[in-house]
Amino acid sequence: VLIGAITNPQLIQPWLGIIDECEVPLSGIWSLPLISKQLLKRIKATTGKVLLVSQQVNSNVRQTLFKDGVLISSRQSIINQDINDISGIGELAAPEVKRTIEFLRSQNHVSADEIINLHILGSDTQIQSLQQSFKANEHQTVTIHNIKDILSDFGLSNVSAKFSDGIFAWLCVSQSFSFSHYGAKEIFNRYHTTLAAKALYAASIMVFLIGALITQSNILSVIEYEKSISLIKKEENTYKKLYVEKFKEFEEVFANAGVMNSAVELAERIKSNSATSPLDFMITLSEILSKAEEGILHIDQIEWHAVTLNETSEVYLNANFTDDKPILHKAIVTGRIDDPEHKYRESVDHIQRIIAAIEAGDRVASVKVLSLPVDMRSESNFSTEAGLETSLYQEKELSGVFTLEIIMKAAEHG
């Protein structure tokens, strides 16, 4: 902290150049009268007209006037004090303070009948002289403050109490985050960078400490997990021992249980699927035809297969009775009807009635016409009501003969 009395702020420019050249962070440039305001609360002088008298260096006395805590005026007076003997400060300072008060009253800063409150800062050596030279009267009150007591209130030790420069230096130092009274912002950049660096350093330490605490917590958790694993392993060994003692002889039975269960399921499936037989198909087909047939119908041939439907390709495959897919009847039925030989339409209508009767059965999935009765004519094409195109050849005698493909559900799926 550099304290100096100057008549022009530009006079400190050489010092600023030296500070910048030495890369010293400059925290601020403050006016002592302005910074003095922060001392008023400490000395209980925040109301009324207060004249604060202090000495920062041997050769002068600073007098600053406040009105209810607001700076009004400030004056620095030069005194001829012996540098080695400061005990006679009262005799030297009193005339200067008197002149200052007279000036303030003449300028109407303090009215003629208004009381001015003097607050004077002094060291142990100066107290007696100040008490003798400054007396209270009807126009002024006098309060003398020991510099040592104020430093003690600030919590400062090992600070010189000869003058009040230590007090004001502390007030400047405590202004770390306030704006300076003089100087462009640029000259304080290094100081702000220093503060940011310190903040980042403190933050890094905080992050490190938090990381260390989290790591410690994780280590403790791992230790707890290890203890839990150890206890679980002990329990596992206990159960293994109990198993060997109680259930070892049943191990072979348990090993074959799955195979036995699969065999039972397979036998049940084969038993269920085996019910899908030609006899079941023929009985069901006979019942359907006996209810629907009006004329004479001859069944000449039945080719029966047990099948399952491949849903991907929609193709019927030979049934696997061990599979879990539903088993279906697939039969190619060939028969004849006794309709007149050359009445093609009448024959086709007869077959269509038979097909409709079969399709109406609850267990019938589909009926497909492979061939229909035809008459004896040269080669020609006929389209039936079912959409079947039939090619006729003169050399084939197929009158009254039909062929159907019937897909029927199994009995348990009806």
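This note comments point by point on a predicted model.

1. Basis. Because the structure is predicted, local features need pLDDT of at least 70 and side-chain atom pairs count only at pLDDT 80 or more, whereas totals for chains, interfaces and linings use all residues. Residues are numbered from 1 along each chain as its sequence is written, and side-chain values use heavy atoms, with hydrogens and water left out.

2. Overall content. The protein has 10 helices and 12 strands; helices (H or I, at least four residues) and strands (E, at least two) are DSSP runs, numbered from the N terminus. Of the 414 residues, 32% are buried. Here buried means under 20% relative accessible area, exposed over 50%, and partly exposed in between, with a 1.4 Å probe and protein chains only. Among contacts (heavy atoms within 4.5 Å) between residues at least 6 apart in sequence, 63% join residues at least 24 apart.

3. The five-stranded sheet. An open sheet with mixed pairing has the strand order β3-β2-β1-β4-β5; two strands pair if DSSP finds at least two bridges between them. Strands β3 and β5 stand at the edges with a single partner strand each, so one side of each lacks a neighbour in the sheet. On average, neighbouring strands of this sheet are turned by 20° against each other, direction ignored. Seven bridges join β4 and β5 in the parallel sense, and L118 stands opposite V142 in β5.

4. Helix α2. This helix, residues 32–40, lies across β1, β2, β3 and β4 and runs at about 65° to β2. Axes are lines fitted to C-alpha atoms, for helices over the stretch in contact, and angles run from 0 to 180 degrees between N-to-C directions. The buried residues of α2 are L32, P33, I35, S36, L39 and L40. They pack against β1, β2, β3 and β4, and also against α5 and α6.

5. Helix α3. The 18 residues of α3 (residues 89–106) should span 26 Å at 1.5 Å a residue, and the end C-alpha atoms are 26 Å apart, which agrees. The expected span is 1.5 Å times one less than the number of residues. Buried positions in α3 include I89, A93, V97, I101 and L104. The packing partners of its buried residues are β1 (49–54), β2 (60–67), β3 (70–78), β4 (116–122), α4 (124–133) and β5 (140–146). After α3 comes N108, with a positive phi near 65°.

6. The aromatic pair. The structure holds one aromatic pair. F154 and W170 form this tilted pair, 6.5 Å centre to centre with 55° between the planes. F154 lies in the loop between α5 (147–153) and α6 (165–173) and W170 in helix α6, so the pair ties together parts that are 16 residues apart in sequence. Rings of Phe, Tyr and Trp (its six-membered ring) pair if their centres lie within 6.5 Å; planes under 30 degrees apart count as stacked, over 60 as edge-to-face and the rest as tilted. F154 is buried at 13% relative accessible area, while W170 is partly exposed at 30%.

7. Cysteines. The search of the whole structure finds zero disulfides, a disulfide being a pair of cysteine sulfur atoms within 2.5 Å. C22 is exposed, with a relative accessible area of 52%, and C172 is buried, at 15%.

8. The β6–β7 hairpin. Strands β6 (residues 297–310) and β7 (residues 315–318) run antiparallel and are joined by four bridges. The bridge partner of L309 in β7 is Y316. Four residues lie between the two strands of this hairpin, and E314 in the turn has a positive phi of about 55°.
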